[in-house]
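Trainee: I would like to go through this model with you. Could we begin with how the helices pack and then move on to other parts?

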Amino acid sequence: MPNLDGSNPGNRFDVECVDRPERPRIGISACLTGAEVRYDGGHKRSSFPHNAVANLFDFVPFCPETGIGLPTPRPIIRLIGRDGAPRAMSVDPSVGDVTTAIQSFAANRAAMIDELDGFVLMKNSPSCGLERVKRYPDEDAHAVRDGIGVFAASVMERFPHLPLEESGRLFNLDWREAFVARVFAYAHWRVNEAAGWTASRLIAFHSRYKYLLMAHAQGRYRDAGRLLANLETGVEARAADYIALLMDAMRTPISRGGHVNALAHLQGYLKRHIDGAARQEMAALIDDFRRGAVPLLNVITLLRHHLSRVDEPYAKAQVYLNPHPRAAGLRRNL
Ligand code: SF4
């Protein structure tokens with residue numbers, strides 16, 4: 001990933017950090033793409049904010065229910081059971097329990113899913129829903145909203161760090177931005193993992209993510225420092241722990257206070273380079289953002305403008321300034 005001014009940040013910390021891919025591949029529940037695979041013969045394209053993210057990713061559709069041979073249209077499936085591991089049951093007794101078939105569908109596609117950088121799942125589905133899916137303690141009981149779709153649970157179990165998000169939550173600007181940033185970070189991680197972890201590559205990678213991690217969670221930022229303090233042995237295991245930490249920290253959106261913290265630290269790199277008036281303007285803008293008077297993009301734009309003119313490669317290379325393609329405009333309304 002080049003610096004803000006397009007230059008290479010040099011070998012102080014980038015010596016072995018592979019560039020971020022430009023266009024991650026993500027899985028998606030097929031009905032969200034417009035495929036007419038739902039139980040009622042329809043689709044749910046309207047449940048996915050296509051325009052906002054369509055140009056960022058290549059999508060790989062999956063429909064576990066039609067994938068196991070169920071027809072469209074078909075009788076509905078419900079999660080039924082009391083024991084924390086409910087079964088996915090068709091209301092058609094001749095079809096019955098499809099849990100194992102859906103789990104096998106996920107297992108048979110593990111190699112494909114392993115090539116993905118994220119997954120968008122249809123909310124509320126007994127197959128694809130990520131959380132709060134209706135579960136019936138028994139066939140005649142009222143539903144409680146604590147279930148996980150069988151396919152979603154299988155993907156989560158096999159790929160615990162893969163960024164997953166429900167379609168509905170992507171309508172929320174904060175959650176959408178957080179998910180897209182997480183997908184790009186995971187994609188970046190995967191290309192570096194494919195290149196093979198060395199101590200210097202892992203340090204170089206973390207160097208890029210320091211202020212993004214700090215913005216998300218100051219405590220996790222300190223944990224990462226401790227995790228990578230001594231990399232003489234066990235680099236691959238430490239790398240696995242690091243991605244678990246990073247993905248966990250990035251699971252929820254950055255708070256306003258988290259942004260202010262990261263911005264204040266990055267502003268510090270300008271101290272030696274810009275005059276008092278420019279420093280005051282920068283500080284005032286950060287304060288305006290803290291009070292909700294201006295969007296994040298205004299602050300980032302001024303920060304990037306100053307950084308593009310100074311020799312501060314460490315600050316310039318921070319993913320926090322550039323967590324996803326600028327053309328997506330995901331920070332315009334934060
Ligand atoms: S929610 Fe999942 S299983 Fe149901 S139609 Fe959509 S892709 Fe298929």
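Trainee: In which hand, left-handed or right-handed, does H7 pass H9?

Mentor: This is a predicted model, and in it H7 passes H9 in a left-handed crossing.

Trainee: Within what distance do the axes of H7 and H9 come, and at what angle do they cross?

Mentor: Helix H7 covers residues 199-216 and helix H9 covers residues 235-249; their axes come within 11 Å and cross at roughly 20°. Because angles under 35 degrees count as roughly parallel, H7 is roughly parallel to H9.

Trainee: Which residues make that contact between H7 and H9?

Mentor: From H7, the contact is made by Ala199, Leu202, His206, Tyr209, Leu213 and His216. H9 contributes Val235, Arg238, Ala239, Tyr242, Leu246 and Ala249. By class, the contact of H7 with H9 has 9 nonpolar, 2 polar and 1 charged residues.

Trainee: And H8, how do the axes of H7 and H8 lie?

Mentor: Helix H8 spans residues 218-227, and its axis comes within 6 Å of that of H7, with a crossing angle of roughly 150°. That angle makes H7 roughly antiparallel to H8.

Trainee: Which residues in H7 meet H8?

Mentor: His206, Lys210, Leu213, Met214 and His216 in H7 meet Gln218, Arg220, Tyr221 and Ala224 in H8. The residues of this contact of H7 with H8 divide into 4 nonpolar, 3 polar and 2 charged. His206, Leu213 and His216 of H7 are also listed in the contact with H9.

Trainee: Let us turn to H3 and H5. At what angle do their axes cross?

Mentor: The axes of helix H3 (residues 99-108) and helix H5 (residues 150-158) cross at roughly 40° and come within 9 Å. That makes H3 oblique to H5. H3 passes H5 in a right-handed crossing.

Trainee: What residues meet there, in H3 and H5?

Mentor: In H3 they are Thr99, Ile102, Gln103, Phe105, Ala106 and Ala107, and in H5 they are Val150, Phe151, Ser154 and Val155. By class, the contact of H3 with H5 has 7 nonpolar, 3 polar and no charged residues.

Trainee: Which residues are around the ligand?

Mentor: They are Ser29, Ala30, Cys31, Val37, Arg38, Cys63, Pro64, Glu65, Met122, Ser125, Ser127 and Cys128. The shell around the ligand has 7 nonpolar, 3 polar and 2 charged residues by class.

Trainee: Now the backbone. Is the peptide bond from Thr72 to Pro73 cis or trans?

Mentor: The bond from Thr72 to Pro73 is cis, with omega near -5°. Pro73 is found in the loop between helix H2 (64-67) and strand S3 (77-80).

Trainee: What about Asn124: is its phi positive or negative?

Mentor: Phi of Asn124 is near 70°, a positive value in a residue other than glycine. Asn124 is placed in the loop between strand S5 (118-121) and strand S6 (133-136).

Note on methods
Residues numbered from 1 in each chain as written. Predicted model: local features only at pLDDT ≥ 70, side-chain atom pairs only at ≥ 80, totals over all residues. Axes fitted to C-alpha atoms, helices over the stretch in contact; angles between N-to-C directions. Helix = DSSP H or I, 4+ residues; strand = E, 2+ residues; numbered from the N terminus. Parallel < 35°, antiparallel > 145°, perpendicular 65-115°, else oblique. Left-handed = near helix turned anticlockwise from the far one by under 90°. Contact = placed C-beta atoms within 7 Å. Nonpolar A, V, L, I, M, F, W, Y, C, P; charged D, E, K, R; others polar. Near = placed C-beta within 6 Å.
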